[in-house]
Amino acid sequence: MMKWAGALLILGAATWGGMEASRQLSQRPRQMRLFRDALQMLDAEIMFGHTPLRDAAILIAKQIPLPVSRFFDTFAEGLSRENASVKSAWEDGLDKVWPSLSLKKSEYEILVQFGETLGKHDRINQQKHIMLTLTHLGREEDAAREKQKQYEKMAKSLGFLGGLLFIILLL
């Protein structure tokens, strides 16, 4: 009886591990899409609304789901601090939220590079930087979707089958 209970626990844990890996693969393109949507909203607020950056970040945070909304909340808080630069507020926001995201180092670098240009240019040049960042994120999103298609089912199956193999080896 104890053997079977242990076997079920091992199988459950391995299956959960596979499901978690699969979830990470599916969350990555979704989160990139959310960042792209947020940057498009930021573009609209800058170009057409002439909204201050802090107010735009607050508006975006209200419209975008978690965890990306948490980034824009943190960014807006950083802009509220005395003597805070846009670049430091952007990077602090990324650093605080990054562990809860499923994104990779390449997306982090794209977003950090964008943060370095944010607030340093006039509206037209800022729009060009936003479009460039959207292009880079779009390319990364396409690659992430391809990876998701290739490996999502495999991760689920490997978790389950790895658990079965481990149980067989123990018995």
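Which residues are linked in a network of salt bridges? Read on to the first view.

This is a predicted model, where local features need pLDDT of at least 70, side-chain atom pairs count only at pLDDT 80 or more, and totals for chains, interfaces and linings use all residues. Residues are numbered from 1 along each chain as its sequence is written, and side-chain values use heavy atoms, with hydrogens and water left out.

**View 1. A salt-bridge network links Arg 33, Arg 36, Asp 37, Glu 141 and Arg 145.** A salt bridge here is a side-chain nitrogen of Lys or Arg within 4 Å of a carboxyl oxygen of Asp or Glu. Glu 141 pairs with Arg 145, with 2.9 Å between the closest N and O atoms. The two are four residues apart in helix H6, so about one helical turn separates them. Helices are DSSP runs (H or I, at least four residues), numbered from the N terminus. Glu 141 is buried at 3% relative accessibility, while Arg 145 is partly exposed at 35%. Buried means under 20% relative accessible area, exposed over 50%, and partly exposed in between (1.4 Å probe, protein chains only).

**View 2. Arg 81 forms a salt bridge with Asp 92.** Their closest N and O atoms are 3.7 Å apart. Arg 81 sits in the loop between H3 and H4 and Asp 92 in helix H4, so the pair ties together parts eleven residues apart in sequence. Both ends are partly exposed: Arg 81 has a relative accessible area of 44%, and Asp 92 has 30%.

**View 3. Phe 75 is among the residues with the most contacts inside the largest nonpolar core.** That core has 36 residues. H1, H2, H3, H4, H5 and H6 each give two or more residues to this core, and H1 gives the most, with seven. A nonpolar core is a set of buried Ala, Val, Leu, Ile, Met, Phe, Trp, Tyr and Cys residues joined through side-chain atoms within 4.5 Å. Leaving aside neighbours within four places in sequence, Phe 75 is in contact (heavy atoms within 4.5 Å) with Leu 53, Ala 57, Val 86, Ala 89, Trp 90 and Leu 118.

**View 4. Helix H5 covers residues 105-117.** The buried residues of H5 include Tyr 108, Leu 111 and Phe 114. Among what covers the buried residues of H5 are helices H1, H4 and H6. After H5 comes Gly 119, with a positive phi near 85 degrees.

**View 5. Ala 7 in helix H1 is buried, with a relative accessible area of 12%.** The C-alpha atoms of Ala 7 and Phe 166 are separated by 8.9 Å, though these residues are 159 apart along the chain.

Terms used:
Expected span 1.5 Å × (residues − 1).
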